[in-house]
Amino acid sequence: MKIRILLVIVAALFTGTACAQLEVPTLREGQFVYTIPGGFNPPMIGNSGIDDINKAAKSCHFPYYVVLVETLPGSGDGDQLAANAINYLSQQWGQRYPSFDMAKSQIFLLAYNPRKYRFLAGSKFEAELNFRNDAHEPYTDIFKASVQAQRKDPKNGIINMMTAVDSYLFDQTDPDRIAARKEAARKEAEERALLAAKSTLGEQIVRLGDLLNKKEYLPNDVSDYKKALADARKARDSGDRTEMLSTAAATKVSADALEFTVNEKERVAARLFLQLVFKWVLTLGAFFLAIFLIAGRSGKRNGLRLRFNKEVGQRLAMVTNASQQFFKLYGDRGDILSLTGVTGKTAELYSSVTKEVDEMYVGVEALRQLTESCKMLANEATFFSLKPLERAIERLDEAFDFDTGQVNKDSLFEPETKVIKISPKELADSLQARFEANVQSWNDLKAAIAARDMTAEQHFPSKTYDALLAQARSMGIPERWLSNHPLAGDDSTDQSLYKSTNDLALTDPVAFVEKLNDLKKAETTVSAEFEQLTSAIELSRSNRLESEPYVGDTVVDPNDDPRTTFALARRAEDQLAGVLAGAVTVEEVVQQAQKADELYRKAAQQAAVLNNAVKSAVESIDTAQKKLKQVTLETGDASRVLTQASKVHKSKEPAKFLSAAQAQLTDGQRDLEKAQRQIGEKRHLNARRNAELAASKFDEAIAQAQRTVRSCKELDKAKAEFEKRLAQMDSTREDYLRKVKRYGGSQQLSSFRFQPVNGPADYLMMMTLLDNVENDWQSAARRAQRDYEEAEAARQAAEAAARREREEEESARRQASYASSSSSSWDSSSGSSWSSGSDSSSGGSWGGGGDSSSGASW
């Protein structure tokens, strides 16, 4: 409920003055229909319709308020205005009248200009039943149907919707109904369980009965089965669920046993019948087989031949392509002949590559020979003997003996080379994998040959190390950080490294390339670490202060003193040199450099703040003193205004604001005095801080003092409005009295006399008393109007009844005249059609943030 009130207030603030200008009717016990303005006579409903709606609302289980508005205040989207209006009404009624139950009360608002309607349910039903927004649609559709028909009837639409909503809410919340539904659900569950048990038992009864009907397949003694069937039927008739379930299980056992016996006898009978049928089929089959044998065999031969030719063609294409790849590699062997005589890794790789090339060719040739042998075998097939062709197809994918060419050292009695069983597909996959690996190895050999065209000095020059060494000396970085570089030794060590590397180029080019890669990798690692060191040193120097910050005679707390921080920065910078000399990891140097940089930056910032404080502390105190003068004047004015207001008004609210202002004033004065004392002590930074704090408190004191004055003025405004309305009460009474007399009423309106006010008073409460009196006068005028309309309606109904009676008598006389006439002709009368105008207004839905009401145009 609190959330709804907050949302309503926020909506009102952001949607102009629509809700603030809306007249809020006084809530009266027993009255559920209200009009805005009070004397508004809603078209198509009238005062009698208002009474009908109010009567229907009284019979509801939960409060249901109907508000009929002549014109929605404000401008803009009509749906939004209607939503704002109904939320505002709910919030105002909830605040003003304790009898209004926002949790269980429904409100239906119907506006005529623009034509909009809006429905809002109680917060309890919104929260517990999710009865909001789209959930209203089935009920608002009831109202829409009544106003969108050819003959609009908003009164009955409201009553029907009200009744439907109340019935739904009562049905969902009434403990007796909820309990009844739970009991019905329980009984339904029991009924379903009973039906399930009866169904299960019924299935077994039908099953056992069907088996007993197969008399030719039954055993000699079926008395036990018939007894089981009788027991099952008895249990089904008993209606006991437990007994039916247990009996169903026992019946199933009997049915299973009988079914096994019956099935066995049925199978024996079926087998005898099939033997007889088989003899006839065999005789006829032999005849038809002879006819189709020749055609079938010919088709099979052609199919096998097509399949074989297709697979052989694919296999030969694979072999041809593989042979071409082999000869391409073999042709490149001439590029590697220059490696003859090498040793080490190069010799091993050269031997492995050339051996792989030769072995792959052996495998490709084995596949070709297998394919050729299968072709020869297939050619032996004839019309009467297709076995060779079938065998040839099988052999294309069968494992065969393959001589690997590898020396057999494991067996004394086997051939010199290893022979293995391998399928053509496995061999082809193996050759493909070996081919891919061999191509890479082949490329490594060719790259090694190309690398011999340059010396190690050219591949791995010393210029990078020389540049690092020069940079280290210029920045004061110990040379030990470059000790892991391959060229970190003296010239003789470097020459020895280059010579040993170049020697590899002549004897082992592959090892030569690997050695060069290792050297470059080591250089990259050292360069990366050295770059981190140089970056750290540059960072430590980027914000370095060349001299201690100047403080002068200003007194500074240790935590704010830039000289203290500067000394710490110098110490951290000195420690950086020691870390460079003795640290094990680069991270230690980086951390120390970051520490020195942070301290230098902090010292510079403290110096800037202190310098600014020296310049602006006095100015901050002057600013606070000016605000002190202003707040003194403001609180004095507020005190005088409050003194005058307390003589007229009882409200204590303005006094709270003035008390808060005086408290802030006192605290601010203490802070200002402290700042003035500190400026004399030359504690400029502390003085400025306290002066700024005092100025902030003076600002708050000024705001509270001004709020005091505004609150008093609002009370004076309420007093003036009350006095204005009080002066108009006699005139207002005369207006309502004239309205009563215009409708022929005889009601006497009570006169109102307000006692003179002596001393302070609550004018807002007295305004409510005026509202109650005006509502009484308004009700009296409405009753007179209703009585008049009811009397007029009765008169019109009597006249209509008399008219119908005369028309019926005239019709009877005409029929008697026709019956006595000799003419047999007949006449048909025609009637006139009637229609009612349709409303041309249009509308649509609107949903604002947090709004749970629903509505549209009508």
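**A chat about the structure**

Q: Let's start with Y168. Which helix does Y168 lie in?
A: Y168 is part of helix α6. Keep in mind that we're looking at a predicted model.

Q: Okay, and what does Y168 touch, leaving out residues up to four places away in sequence?
A: Leaving those out, Y168 is in contact with L129, F131 and Y139.

Q: How far apart are Y168 and Y139?
A: In sequence, Y139 and Y168 are 29 residues apart. In space, their C-alpha atoms are 9.7 Å apart.

Q: Let's move to rings. How many aromatic pairs does a search of the whole structure find?
A: The search turns up 18 aromatic pairs. Take F108 and F143: this pair is edge-to-face, with 5.0 Å from centre to centre and 65 degrees between the planes.

Q: Where in the chain do F108 and F143 sit?
A: They come from distant parts of the chain, 35 residues apart. F108 is in strand β3, residues 106-112, while F143 is in helix α5, residues 137-148.

Q: Is F143 buried or exposed?
A: F143 is buried, because its relative accessible area is 0%. F108 counts as buried too, with 0% relative accessibility.

Q: Going back to Y168, what sort of aromatic pair do F131 and Y168 form?
A: F131 and Y168 make a tilted pair, with centres 5.3 Å apart and planes at 45 degrees. This pair also links distant parts of the chain, 37 residues apart. F131 is in the loop between α4 (123-129) and α5, and Y168 is in helix α6, residues 154-173.

Q: Why does F131 count as buried?
A: F131 counts as buried because its relative accessibility is 1%, and the cut-off for buried is under 20%. Y168 has a relative accessible area of 23%, so Y168 is partly exposed.

Q: Which residues do ring pairs link into a cluster?
A: That cluster is made of F32, Y34, Y65, W93 and F100.

Q: What lies over the face of W481?
A: R480 does, at 4.5 Å from the ring centre of W481.

Q: New topic: the sheet. What's the order of the strands in the open sheet of five?
A: The order is β1-β2-β3-β4-β7, and the pairing is mixed.

Q: Which strands stand at the edges?
A: Those are β1 (33-36) and β7 (854-857). Each has a single partner strand, so one side of each has no neighbour in the sheet. From one strand to the next, the twist averages 10 degrees.

Q: How many bridges join β1 to β2?
A: Four bridges do, and β1 and β2 run parallel. I36 stands opposite V69 in β2.

Q: And how many bridges are there between β2 and β3?
A: Strand β2, residues 64-69, pairs with β3 over six bridges, in the parallel sense. Among the bridge partners, V66 goes with F108 in β3, and V67 goes with L109 in β3.

Q: Which helix packs on the sheet, touching β1 and β2?
A: That's helix α2, residues 46-58. The direction of α2 makes about 140 degrees with that of β1.

Q: Why is β2 largely enclosed by the rest of the structure?
A: Six of the six residues of β2 are buried, so β2 is largely enclosed. Both faces of β2 are covered: Y64, V66 and L68 are buried on one side, and Y65, V67 and V69 are buried on the other.

Q: How many residues of β3 are buried?
A: Seven of the seven, so β3 is largely enclosed by the rest of the structure. Q106, F108, L110 and Y112 are on one side of β3, with I107, L109 and A111 on the other, and both faces are covered.

Q: Zooming out, how many helices and strands does the chain have?
A: There are 21 helices and seven strands. Of the 858 residues of the chain, 37% count as buried.

Q: And what does the accessible surface of the chain come to?
A: About 50000 Å², with 52% of that belonging to carbon and sulfur atoms.

Notes
Residues numbered from 1 in each chain as written. Predicted model: local features only at pLDDT ≥ 70, side-chain atom pairs only at ≥ 80, totals over all residues. Heavy atoms only, no water. Phe/Tyr/Trp six-rings, centres within 6.5 Å; stacked < 30°, edge-to-face > 60°. Helix = DSSP H or I, 4+ residues; strand = E, 2+ residues; numbered from the N terminus. Buried < 20%, exposed > 50% of the residue type's maximum accessible area, 1.4 Å probe, protein only. Lys NZ or Arg CZ within 6 Å of the ring centre and 35° of its normal. Pairing = 2+ DSSP bridges. Axes fitted to C-alpha atoms, helices over the stretch in contact; angles between N-to-C directions. Contact = heavy atoms within 4.5 Å. Areas by Shrake-Rupley, 256 points an atom, 1.4 Å probe, with all protein chains shown as cover.
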